[in-house]
Amino acid sequence: MNRRAIGTIGESAVCRYLEERGYTIRDRNFTVRGGELDIIAEKGEDLCFVEVKSRRAGSQESGDEAVDTAKQHRIIRTAYRYIEKYDIDETAWYIRYDIAVVTMWQGEVIDIDYLENAFDESDFSL
């Protein structure tokens, strides 16, 4: 199974996970030059930009460690491009950056570790 297929399985599993918890999926795989957002979801006043990292069970690097400072910055910049494109009123939302780490074994999802507010904009100047 190639990386893209594994990523798609992981993203679909996270969408189901979020929907089961009352989230609405607004968009998936929003891409602009220089960045991509895996999932954009909302629940109540929370607008969530979710980075999904799918890993095989026993992988050396955890998914959240793969979202380093440079990746976080790209996600934040891309989120603001999304906000601009869809003319979203930032003051009406609590903007959140989450990470979903999906553990897989033989093509099947065996665990989802969902980290709300995994990082924020405080360390970055936009």
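Cysteine 48 is buried, with a relative accessible area of 0%; buried means under 20% relative accessible area, exposed over 50%, and partly exposed in between, using a 1.4 Å probe and protein chains only. This is a predicted model, where local features need pLDDT of at least 70 and side-chain atom pairs count only at pLDDT 80 or more, while totals for chains, interfaces and linings use all residues. Residues are numbered from 1 along each chain as its sequence is written, and side-chain values use heavy atoms, with hydrogens and water left out.

**Cysteines**

- Searching the whole structure turns up zero disulfides, a disulfide being a pair of cysteine sulfur atoms within 2.5 Å.
- For cysteine 48, the nearest cysteine sulfur belongs to cysteine 15 and is 12 Å away.
- Cysteine 15 is also buried, at a relative accessible area of 6%.

**Strands and how they pair**

- Strands (E, at least two residues) and helices (H or I, at least four) are DSSP runs, numbered from the N terminus.
- Two strands pair if DSSP finds at least two bridges between them.
- Strand 3 is mostly covered, with nine of its 11 residues buried.
- Strand 2 and strand 3 are antiparallel partners over five bridges, and in one of these pairings isoleucine 39 has valine 50 of strand 3 as its bridge partner.
- These two strands form a hairpin with two residues between them, and glycine 44 in the turn has a positive phi of about 60°.
- Across from glutamate 51 you can find isoleucine 99 in strand 4.
- Strand 4 also pairs with strand 5 (residues 108-119), in the antiparallel sense over eight bridges; here alanine 100 stands opposite tyrosine 114.
- The hairpin of strand 4 and strand 5 has two residues between the strands, and glutamine 106 takes a positive phi near 50° there.

**Nonpolar cores**

- A nonpolar core is a set of buried Ala, Val, Leu, Ile, Met, Phe, Trp, Tyr and Cys residues joined through side-chain atoms within 4.5 Å.
- The largest core has 19 residues, and Leu37, Ile40, Phe49, Tyr82, Tyr97 and Phe119 touch the most other members.
- At least two residues of this core come from each of strand 1, strand 2 (35-43), strand 3 (46-56), helix 2 and strand 4 (94-105).
- Helix 2 gives the largest share of this core, six residues.
- Another core, of 17 residues, lies apart from it and includes Ile6, Ala13, Val14 and Cys48.

**Aromatic rings**

- The structure holds seven aromatic pairs; rings of Phe, Tyr and Trp (its six-membered ring) pair if their centres lie within 6.5 Å, and planes under 30 degrees apart count as stacked, over 60 as edge-to-face and the rest as tilted.
- Phenylalanine 30 and tyrosine 82 make an edge-to-face pair, because their ring centres are 4.9 Å apart and their planes stand at 90°.
- Phenylalanine 30 sits in strand 1 (residues 24-32) and tyrosine 82 in helix 2 (residues 69-85), so this pair ties together parts 52 residues apart in sequence.
- One aromatic cluster is formed by Phe30, Phe49, Tyr82, Tyr86, Tyr97 and Phe119.

**A lysine in helix 2**

- Lysine 71 lies in helix 2 and is buried, with a relative accessible area of 18%.
- Not counting residues up to four places away in sequence, lysine 71 touches Glu51, Lys53 and Ala66, where contact means heavy atoms within 4.5 Å.
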